[in-house]
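Please look first at the chain as a whole, and then follow the paragraphs below with the structure at hand.

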Amino acid sequence: MQQVQAVVAKAKGAPVELVTINVPDPGPGEAVVKVQACGVCHTDLHYREGGISDSYPFLLGHEASGIVESVGAEVTSVAPGDFVILNWRAVCGDCRACNRGEPQYCFATHNATQKMTLEDGTELTPALGIGAFAEKTLVAAGQCTKVDPEARPAAVGLLGCGVMAGIGAAINTGQVTRGRSIAVIGCGGVGVAAIAGAALAGASPIIAVDIDSKKLETAKKMGATHTVDSSASDPVEEIKRICAETYPGAEGADVVVEAVGRPETWKQAFYARDLAGTVVLVGVPTPGMTIPDLPMTDLFGRGGSLKSSWYGDCLPSRDFPMLVDLYRQGRLDLDAFVTEEIGINDVEAAFDRMHGGDVLRSVVIV
């Protein structure tokens with residue numbers, strides 16, 4: 001057992017606190033990781049606000065990289081000294097998805113068995129089973145993916161959630177390729193990552209849609225070929241027009257990624273796709289949201305696929321090393337997602353900056 005500093009949300013809506021926590025020595029199948037960097041994700045804010053559960057106190061942070069400090073019995077996948085990205089899809093290997101050879105759809109994922117606690121012994125709920133706004137954290141060994149140790153921790157740690165979610169939404173879920181068009185509605189961190197993924201795959205045109213001109217400029221830098229300000233024009237009609245210019249007869253984009261998580265933008269995505277096209281929902285809706293007034297004849301008549309993308313349908317052991325290699329080769333600009341590096345006591349201020357539109361990611365350097 002050791003004591004470290006960590007950021008905890010103790011009550012719904014209350015500011016987070018920097019406190020001392022207890023981190024157990026790793027048991028069988030577990031690892032203790034010395035955190036080097038952790039991105040400040042909207043999901044952490046959802047935890048603080050009670051939008052995910054009411055299992056307070058929460059140990060926040062989940063988009064992280066670091067060095068394995070120690071491992072428990074039966075751990076062979078990583079060893080002390082390994083540089084790893086933490087993930088929240090530590091596949092179980094024995095669920096129906098895993099047994100049919102599709103571990104990227106595993107939702108019976110592993111977390112550490114032991115609990116980290118406050119100094120008084122109160123058990124903590126780690127965000128997405130990770131809890132990385134901390135000097136050290138205890139995770140299941142399967143949540144550690146070994147990658148190139150020369151990579152910048154602040155940049156590659158973002159593959160632990162938002163950047164992977166966006167890239168995967170385009171490539172894994174949407175299966176965008178050369179000769180296919182894509183539109184992305186919502187150009188925050190996840191949406192811009194979907195644009196970067198589409199550019200990697202050779203898609204064209206790549207259409208970025210948002211109401212914020214600053215976000216649209218960032219989208220262009222990450223690979224968007226066209227931008228649409230949806231506060232000034234109808235995004236459905238603009239997407240259709242742009243796609244028809246490239247592919248005469250097209251009635252929309254082959255793939256439309258919705259990265260907002262709202263009924264009105266999902267309906268825009270639905271009607272902006274080509275016949276037999278694909279809608280990918282990667283934006284996270286809140287409980288109670290519904291999609292009203294969508295005729296079933298439109299669902300049937302337009303054909304195609306309506307998909308949701310959890311974590312970009314990624315398999316960390318497959319996708320993380322590949323994307324880190326692309327980053328090291330200069331083909332994937334992960335550094336561009338790091339807007340600022342901050343201290344572990346600056347998380348609350350980073351939550352405030354999320355609403356200004358100027359930040360893709362604030363990254364805590366531990």
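This is a predicted model: local features need pLDDT of at least 70, side-chain atom pairs count only at pLDDT 80 or more; totals for chains, interfaces and linings use all residues.

Residues are numbered from 1 along each chain as its sequence is written, and side-chain values use heavy atoms, with hydrogens and water left out.

Two packed helices are described by the angle between their axes and the distance between the axes. Axes here are lines fitted to C-alpha atoms, for helices over the stretch in contact, and angles run from 0 to 180 degrees between N-to-C directions. Helices (H or I, at least four residues) and strands (E, at least two) are DSSP runs, numbered from the N terminus.

Consider helix α4, residues 162–173, and helix α5, residues 189–201: their axes come within 7 Å and cross at roughly 45°. The two helices are therefore oblique to each other; angles under 35 degrees count as roughly parallel, over 145 as roughly antiparallel, 65 to 115 as roughly perpendicular and the rest as oblique. The crossing of α4 past α5 is right-handed, a term used if the near helix is turned clockwise from the far one by less than a right angle, with anticlockwise being left-handed. On the α4 side, the contact (heavy atoms within 4.5 Å) is made by Gly162, Val163, Ala165, Gly166, Ile167, Ala170 and Ile171. On the α5 side, Val190, Ala193, Ala194, Gly197, Ala198 and Ala201 take part. This contact has 10 nonpolar, three polar and no charged residues. In these classes, Ala, Val, Leu, Ile, Met, Phe, Trp, Tyr, Cys and Pro count as nonpolar, Asp, Glu, Lys and Arg as charged, and the others, Gly among them, as polar.

Helix α4 also meets α10 (316–328), with axes that come within 12 Å and cross at roughly 105°. These two helices are therefore roughly perpendicular to each other. Met164, Ile167 and Asn172 of α4 touch Arg318, Asp319, Phe320 and Leu323 of α10, a contact with four nonpolar, one polar and two charged residues.

Pro235, Val236, Ile239 and Lys240 in α7 meet Gln268, Tyr271 and Ala272 in α8. By class, five of these residues are nonpolar, one is polar and one is charged.

Rolling a probe the size of a water molecule over the atoms shows where empty space is left. On a 1 Å grid over the protein atoms alone, a cavity is a set of points where a 1.4 Å probe fits but cannot get out, and a pocket is an open set with protein on both sides within 12 Å along at least five of seven lines; lining residues have an atom within 4 Å of a point. Grid points are joined across faces, edges and corners, and a volume is the space filled by probe spheres set on the points.

How many cavities of 30 Å³ or more does the structure hold? There is one. The largest cavity contains about 30 Å³ of space and is lined by Glu63, Leu158, Gly162, Val163, Gly189, Val190, Phe337, Leu360 and Arg361. Helices α4 and α5 are the elements that give two or more residues to this lining.

The second largest pocket has a volume of about 290 Å³. Of its 17 lining residues, Ala90, Val91, Ala141, Gly142 and Cys144 lie nearest its centre. Strand β10 gives the most to the lining, with three residues.

Most residues other than glycine have a negative phi, and most peptide bonds are trans. The bond from Tyr56 to Pro57 is cis, with omega near 0°, and Pro57 is found in the loop between α1 and β4. The bond from Ser204 to Pro205 is likewise cis, with omega near -5°; Pro205 is in the loop between α5 and β12. Leu128 has a positive phi, near 50°, in the loop between β8 and β9.
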